[in-house]
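I am opening a notebook on a structure that is new to me, and I want to write down what I look up in the order in which I look.

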Amino acid sequence: MAVRPVSALATVAVLALTTSCDAGPATDPAAGSPGATGASLVLDNCGEERAYPDPAERLYVYDGGMIAMVLAVGAADAVAGISGLQDDAEALSRAYGADVVADLPVASEDRPTVENVLLQRPDLMLAGWNYGWDEDAGLTPDGLAERGIAAWTLTESCRQGDGESRGVVDPWTALSTDLTALGRLTGHEDDAAARVADVEERLARLRQAPRAEETPTVFLFDSGTTSPFTSGSYGGPQGVIDAAGARNATEDVADTWTTVSWERVAAARPDYIAFVDYPGQSFEQKVAVLRANPATRDLPAVREERFLDLPYAAWVSSPLNIDAAEQLRAALEEVDLLPDSGIEPAHDLRP
């Protein structure tokens with residue numbers, strides 16, 4: 001696909017980046033760490049200006065979604081360590097190449113610790129609130145800054161004013177903000193701009209696709225038994241479901257990933273149910289929960305098995321969100337909930 005100029009959505013992200021060269025060492029932890037050279041970028045991240053090495057040369061990346069972002073902007077060579085890949089290796093291999101994914105240095109199979117991060121000697125760590133940052137464990141942007149390591153917080157996870165709810169911009173803006181910033185941080189601006197342009201071109205195609213007379217409702221089932229974990233209006237699934245031509249059953253929840261009641265799910269009467277595939281609770285176990293629960297077992301989506309299972313990295317904020325949207329669109333068309341659009345998923349991410 002030909003590279004076209006950064007579009008209006010990406011410009012929102014670009015305007016948030018201000019460059020400061022030879023700024024000298026940062027003394028305020030909130031300003032981050034400018035790296036050993038003293039040259040730094042000053043970028044807005046979650047409403048705070050922080051200093052970053054220019055460019056970042058050793059990245060520690062947590063979580064499949066953020067690993068996908070780094071691969072998408074062509075910065076795999078800068079990765080010093082990853083953790084939290086879970087079962088996303090297969091999906092990332094389909095999108096970015098098996099050899100590229102296999103060569104990523106795995107620092108930990110589990111959530112990172114301060115000690116684990118320090119062992120990799122990064123100059124920048126990518127994580128988020130509920131995506132690796134852990135105040136109890138002392139692994140936070142400010143804590144890393146005190147050790148000379150800069151931190152970029154996933155935009156989807158930026159905290160709202162109450163300090164608990166997350167999400168401050170719509171999911172597609174959050175994604176373009178992170179891709180643009182990571183391109184600038186790693187010296188891969190052109191690659192990042194091309195990725196943002198590709199996402200936007202495919203997003204426009206989805207939005208122009210024919211709609212149903214009655215918009216179908218989709219419930220995203222992450223996990224749970226006594227109550228389901230899902231995602232509200234600020235999470236990646238909101239962007240995926242909306243782009244596919246459907247309505248998120250929990251779009252009225254002003255948060256990202258959160259727990260709701262089974263009664264709320266039943267009241268939404270979802271026409272279709274999508275699942276997050278990752279360890280802990282299998283797809284089959286989740287379906288069994290839906291079939292056993294009195295609130296959900298009689299829903300048409302459950303009775304008729306209108307299901308789509310996609311990997312974790314397709315649902316959390318990630319460049320794979322656009323692949324998930326195309327996949328969901330195709331799935332909804334298969335069961336006649338949406339008219340035929342002719343759109344084929346670029347990557348089949350189904351496990």
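Is Phe229 buried, exposed or partly exposed, going by its relative accessible area? The model is a predicted one, and in it I find a relative accessible area of 28% for Phe229. Since buried requires under 20% and exposed over 50%, Phe229 is therefore partly exposed.

**Entry on aromatic pairs.** I searched the whole structure for aromatic pairs and noted nine of them. I looked up Tyr52 and Trp152, whose ring centres are 5.8 Å apart and whose planes stand at 55 degrees, so I wrote this pair down as tilted. Tyr52 belongs to strand 3 (residues 48–53) and Trp152 to strand 9 (residues 150–153), so the pair ties together parts that are 100 residues apart in sequence. I checked the burial of these two residues as well, and both Tyr52 and Trp152 are buried.

I then went back to Phe229, whose ring pairs with that of Trp257: the centres are 6.4 Å apart and the planes lie at 25 degrees, so the pair is stacked. This pair also links distant parts of the chain, with Phe229 in strand 11 (residues 229–231) and Trp257 in strand 13 (residues 257–259), 28 residues apart. Whereas Phe229 is partly exposed, Trp257 has a relative accessible area of 8% and is buried.

I also noted one aromatic cluster, which is formed by Phe219, Phe221, Trp262, Phe275, Phe283 and Phe307.

**Entry on helix 3.** Which residues of helix 3 are buried? In this helix, which covers residues 89–96, I listed Ala91, Leu92, Ala95 and Tyr96 as buried. Seen down the helix axis, the buried residues of helix 3 fall within an arc of 105 degrees, so they line one face of the helix. I looked up what these buried residues pack against, and the partners are helix 2 (64–72), helix 4 (98–102), helix 8 (189–207), strand 15 (307–311) and helix 13 (312–315). Just after helix 3 comes Gly97, for which I noted a positive phi of about 105 degrees.

**Entry on the largest pocket.** I looked up the volume of the largest pocket, which is about 290 Å³. There are 16 residues in its lining, and those closest to the centre of the pocket are Asp63, Gln86, Arg111, Asn130 and Tyr312. Sorting the lining by class, I wrote down seven nonpolar, three polar and six charged residues.

Terms used:
Residues numbered from 1 in each chain as written. Predicted model: local features only at pLDDT ≥ 70, side-chain atom pairs only at ≥ 80, totals over all residues. Heavy atoms only, no water. 1 Å grid on protein atoms, 1.4 Å probe; cavity = no way out; pocket = protein on both sides within 12 Å on 5 of 7 lines; lining within 4 Å. Points joined across faces, edges and corners; volume = space filled by probe spheres on them. Nonpolar A, V, L, I, M, F, W, Y, C, P; charged D, E, K, R; others polar. Buried < 20%, exposed > 50% of the residue type's maximum accessible area, 1.4 Å probe, protein only. Helix = DSSP H or I, 4+ residues; strand = E, 2+ residues; numbered from the N terminus. Arc of directions from axis to C-beta. Contact = heavy atoms within 4.5 Å. Phe/Tyr/Trp six-rings, centres within 6.5 Å; stacked < 30°, edge-to-face > 60°.
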